[in-house]
Amino acid sequence: MLRIDEVTDSEGFPDRCDVAVIGGGIIGVSTAYELARRGVQVALLEKGVIGCEQSGRNWGWVRQQNRDLHELPLAMQSLKRWSELSEELGEDIGFRKAGILYGTEYQSDIAQWESWLARAREVGFNSEILSARELAARIPSGRAKWAGGLWSGTDGRAEPSKAAPAIARGAQGLGAMVYQNCAVRSLDTSAGRVSGIWTERGRLAADTVVLAGGAWSALFCQHHGIDLPAINVMGTALRTAEAPGVIEGCFSGSNFALRRRLDGGYTIAVPGYGRVELAPQNLRHSVKFRTMFRSKLKKKLKIRVGASFFHGPEASATWRDDEVSPFEETRVLDPRPDTEWLERALQNVSSVFPELAGLRIAHAWAGAIDTTPDLVPVISKVNAKPGLVIASGFSGHGFGLGPGAGMLASRLVMDEAPQFDIEPYRLARFSDGTKLGSPEMM
């Protein structure tokens, strides 16, 4: 069973608020927290349980290096917020600035890192290219034939089971209202703009609505005639029982990624591998994903027919405001893990770290990763629906970017100038003729 810290619902249910936030993942809770810090009356609504979908199922990496350059300023802002949150919240969210290390056996990877790092320095970020000897000194037990590595000592890790719930509780402490098992069925509009939401508990008036529904955002948008091109990639990960310490932060090596956990075990996955299920939403957006599927991801994605054709966020569905919606039918999206990748991940780890051979899987899970065609998130006002802000499509990067994304979304709500260029995050890039770049360094 997925272990997530608990959040207690707020009492009562309001008639109105200044801002309604849809979705209790790391993006939604961070947005609610930042708004509450500003004295905004905010209500956070989650159809299931805070942090129980992808925000509690990710690797727990808090990373700046090897980001798409469009994401890098947001990652840098987010890292700063991660460093501040535990003290602000008064509780440990598991963040440790323990560093992130990459190792490779291929000179081509090093050349790519060097090219990326030259451009990243122009943005103000720096990490360190390591020789094979320098990398080996950092992980003396490693047995791969390294060509070199990449190291960022300012990056870190946090605990997905703790972070979103703690931030939600922090928002409550500042006056935010939080409601779980309360699905939002649709937007309410009047005079050409958003005026509130319809929930399973009734109408809630709001001046602004922030949609941070993760895997469910595209379906919600479709219900309102808004095209948010996103497919859900099912990624698999596992946690081990307590194991010998080979790294204190995070490490990405030969087809595996691992993070040291607070409980003494590891979270392990195979980077880039996932499952895409054929379903109406995915088929509808398939043309926009041609570039991504032709890229290096093509060989790492399995295309399958699954239950999502009929149920869940990718299915074709219509509903009325006064009837049960798909969001109530599936309170917590819990995809099945791919056992093939579990076995591969453990084999890859033990081939590099012999002392981790025979690791025991304490728990395995899968999560639905809401993915855009260029693997860059949407953090944007919606011109066709004044009063609506979308913060979704984080393509597997939402946990690390969450606190920064919440700050950015709150600035959009408050009509404040962002601290960096947010043009790459606008929703309209998928429809205004913008040439989308091929995903890189993700």
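We'll go through charged pairs and then a helix crossing.

Guide: This is a predicted model, where local features need pLDDT of at least 70 and side-chain atom pairs count only at pLDDT 80 or more, while totals for chains, interfaces and linings use all residues. Residues are numbered from 1 along each chain as its sequence is written, and side-chain values use heavy atoms, with hydrogens and water left out.

Visitor: How many salt bridges does the structure hold?
Guide: Side chains of opposite charge can pair when their charged atoms come close. A salt bridge here is a side-chain nitrogen of Lys or Arg within 4 Å of a carboxyl oxygen of Asp or Glu. The structure holds 31 of them.

Visitor: Are Arg 185 and Glu 328 buried or exposed?
Guide: Buried means under 20% relative accessible area, exposed over 50%, and partly exposed in between (1.4 Å probe, protein chains only). Arg 185 and Glu 328 form a salt bridge at 2.8 Å, N to O. That pair links distant parts of the chain, 143 residues apart, and both residues are buried. Lys 80, whose salt bridge with Glu 84 has its closest N and O atoms 2.6 Å apart, counts as exposed at 52% relative accessibility.

Visitor: At what angle do the axes of helix 1 and helix 11 cross?
Guide: Helices are DSSP runs (H or I, at least four residues), numbered from the N terminus. Axes are lines fitted to C-alpha atoms over the stretch in contact, with angles from 0 to 180 degrees between N-to-C directions, and contact means heavy atoms within 4.5 Å. Helix 1 (residues 26-37) and helix 11 (residues 398-413) have axes that come within 7 Å and cross at roughly 45 degrees.

Technical notes
Helices (H or I, at least four residues) and strands (E, at least two) are DSSP runs, numbered from the N terminus.
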